[in-house]
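Thanks for coming, everyone. I'll keep this short. Have a look at the model on the screen, and then I'll walk you through it.

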Amino acid sequence: MIQDKKAHKFGMVIDLDKCTGCGSCMVSCMSENNVPFKEDESRKKDSITWMRVYKLTNGKSFPDTQVVYMPRPCQHCSGKGGHGHSPCVSVCPATATDYGYDTGIVSQIYTRCFGCRYCMGACPYHARYFNWWDPKWPEGMENYLSPNVSPRMRGVVEKCSFCYHRYQLAREKAYGEGRDGIEESEYQTACTTACPAGAIVFGDLNDPSHMVHQIVKPDPHPDPMNKYVVDKSRNPKVFRLLERLGTNTKIYYLSEREWVRKAGDNYLDGEWDKVKNHHGSSSHE
Amino acid sequence: MDSALIPEGADRCSFPKFAIGISIVGAVALWGVYAMFLCWFKGLNQTNMNDYYGFALWIWADLAVIAVGGGAFFTGLLKYIFKVDELKNIINFAVIIGFICYSSALLILAIDIGQPLRGWFIFWHANVHSMLTEVAFCLSCYFAVLTIEFIPNILENRQANKVPFFHHLAHNMHGVMAIFAATGAFLSFFHQGSLGGVAGVMYGRPFAVREGLLIWPWTFFLFTWSAAAFGPCFTLMVTKITEVITGKKLVKDNVVHLLAKISGWMITTYIIAKIIDTIYWAMVTAPSLGFKMSHFYTNNSFYGYWILVTEIVICGVLPGFLLLNKSTRENPTTRLIAIVLGVIGVCLNRWVMVLQIMAVPVMSFDTWALYIPSWQEVATTVLPVAYGIILIAITYRYLPVFPQERELNQPRVDQ
């Protein structure tokens, strides 16, 4: 593992109790990143949605029904033990997807991807999308395409980049002004800025001054219950999707509701009650 | 019409009859070629694959043909390295079947990738951590080895063999074939294994993931083992089909019995390992990730426990037993049942390790995803079968594939 004290680890925390499921994050993401349309968008399993909002229920009937909307961008996994071997990065045969040790961002190199789709099979979050069709936009809409993001060609995989171009622009600005680093507010993803409920908080998980760090309180030590899990949240209301697999995602979710936190992972009968109050090595302090 | 090309002393059907047969199968192949060009020019939207099913029918077909093509490397290993001399009577055919299987696998991969013109990136930008990179390198190299193994047989064609250079080349290549057989076995070990590793390393997919030895998950070893075990079954099955179609006995029983016996031992040892692997996965690996075994076999309309029982018991334990037992092995009917079940079993294993992996939901709020291939996928999957039939027909007609054919089919002299 490359140890760089100055390395960023960009991540996100999404407050599921604030999310209304409005879909603004999805729309802003598609617009920002030049995500193309299909002629027929009714077949959802081949529609490209870098940010997808899932609808979850507690499974109870009226009047006890509860619903939660869960936005799901690429989880930017740092892999088992946080070594950068994300499920997708480690399997890509052509190094077309890579882990940025300086940012924690999982990149996708469209011009190198040859479309084998192994990364899609390896990702349990369905966060990766294949361009089954040539990219097309309604007439006139080409004029609205972002000049900072390259459109993708048919036959390659694409996914959320944490709006990496915004990071590049922020760095360029800082460099031009003779500054070393960038401010928290200078690099924010499109979905974060578009969320009307303020449910998405984005920033550097390594920087204690960033709000995302303060909410998540990531535990740098390996989880005593699972050596592959690192950066587990010390906040009892925060969880990650499929944390037990050791993917070590950088998308954290926040909810006051226990059933929502439980829905984030899979548990055997009776297991949840034993682990629900476990928050990394801090639980053993 | 083409009698000058037919091996000396061999009896073949008339050319018009042969041409009609080839034309019928050729029409099927053309259908596949049409679908292949549709996929190349219009893209993979011609398929029913989607973002849940990024790996689908083709990858199964790819893994299946490579598994059943394993008869080539394993028979070569036995013949040239372990000096099981009787197998010289079936090695040519095993190599031809292997050549067909591996060329088909490469063709399927060329159709399957979204950007076929960038296929070479897998070599140029190789990610050494990826099992698929290992597959690509070993597969390509092994196909080259198979081609080298096939060449002497081609040069033994009646007309080609009249050219002194070709005659000597074929003779000398036979002399050094042990080197290629050893190289082929080495390469096969790694590409068969890395195909298993493709699934086993997917730690985001609890249905696929396995612990293992160093960097290799157990599926790595199981895939190699199963290819060596069931590959000879496929060789025997295709030999039987060829015998039925040609109406001739082509390989002596003692050779068939020997290969069947070796296959029986391999299947039995493999299936014991597979059962241990399955139990460990179901009792330790999956539960450690929060999954009960029932999660993978219930709550959907297709994948039930039947597939596990069929793969392991009916198409694993049973053929192993039938081929180990002398009386059932030497009985043509039970032997045929065993080898057909074995071929189905290994294909089913590859199906499970590709399509069921994609189907199983992982996130607690996700649902099972089932998929039905489009006609273009079916046509391009049938294409290698048609191509295989045509190549076998041509090689059988014009090359001395079966050394025992003449002896076994002497004209009967009435007393």
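This is a predicted model: local features need pLDDT of at least 70, side-chain atom pairs count only at pLDDT 80 or more; totals for chains, interfaces and linings use all residues.

Now chain B as a whole. Chain B has 15 helices and two strands. Its radius of gyration is 22 Å, and the globule rule gives 22 Å for 415 residues, so chain B is as compact as a globular protein of that length. Along the principal axes, the C-alpha atoms fill a box of roughly 75 × 50 × 35 Å. How much of chain B is buried? The figure is 49% of the 415 residues. Then the contacts. Take those in chain B with a separation of 6 or more: 79% of them are between residues 24 or more positions apart.

On to chain A. Here we have seven helices and 12 strands. The chain is 285 residues long, and a compact globule of that length would have a radius of gyration near 19 Å. Chain A has 19 Å, which agrees. The box for the C-alpha atoms of chain A is roughly 55 × 55 × 40 Å, again along the principal axes. Buried residues come to 48% of the chain. For contacts in chain A between residues at least 6 apart in sequence, 60% join residues at least 24 apart.

Next, a sheet in chain A. This one is open, with four strands in the order 8-1-12-11 and mixed pairing. Which strands sit at the edges? Strand 8, residues 200–204, and strand 11, residues 238–240, each pairing on one side only. On average, neighbouring strands in this sheet are turned by 30° against each other, direction ignored.

Zoom in on strand 8 of chain A. Strand 1 of chain A, residues 10–15, runs antiparallel to strand 8, and five bridges join the two. Among the bridge partners, Met12(A) goes with Phe202(A). Gly11(A) goes with Gly203(A). Is strand 8 of chain A enclosed or open to the outside? Five of its five residues are buried, so strand 8 is largely enclosed by the rest of the structure.

Last topic: where the two chains meet. Chain A puts 45 residues into the contact, and chain B puts in 39. On the chain A side, three elements each supply at least two residues: strand 2 (52–57), helix 2 (118–122) and strand 6 (129–130). Helix 2 of chain A gives the largest share, four residues.

Over to you for discussion.

Notes:
Residues are numbered from 1 along each chain as its sequence is written. Chains are lettered from A and ligands numbered from 1 in the order in which they are written. The radius of gyration is taken over C-alpha atoms; the globule rule is 2.2 Å times the number of residues to the power 0.38. A residue is buried if 20 or more other C-beta atoms lie within 10 Å of its own, exposed if 12 or fewer, and partly exposed in between; C-beta atoms are placed from the backbone. Two residues are in contact if their C-beta atoms, placed from the backbone, lie within 7 Å. Two strands pair if DSSP finds at least two bridges between them. Axes are lines fitted to C-alpha atoms, for helices over the stretch in contact, and angles run from 0 to 180 degrees between N-to-C directions.
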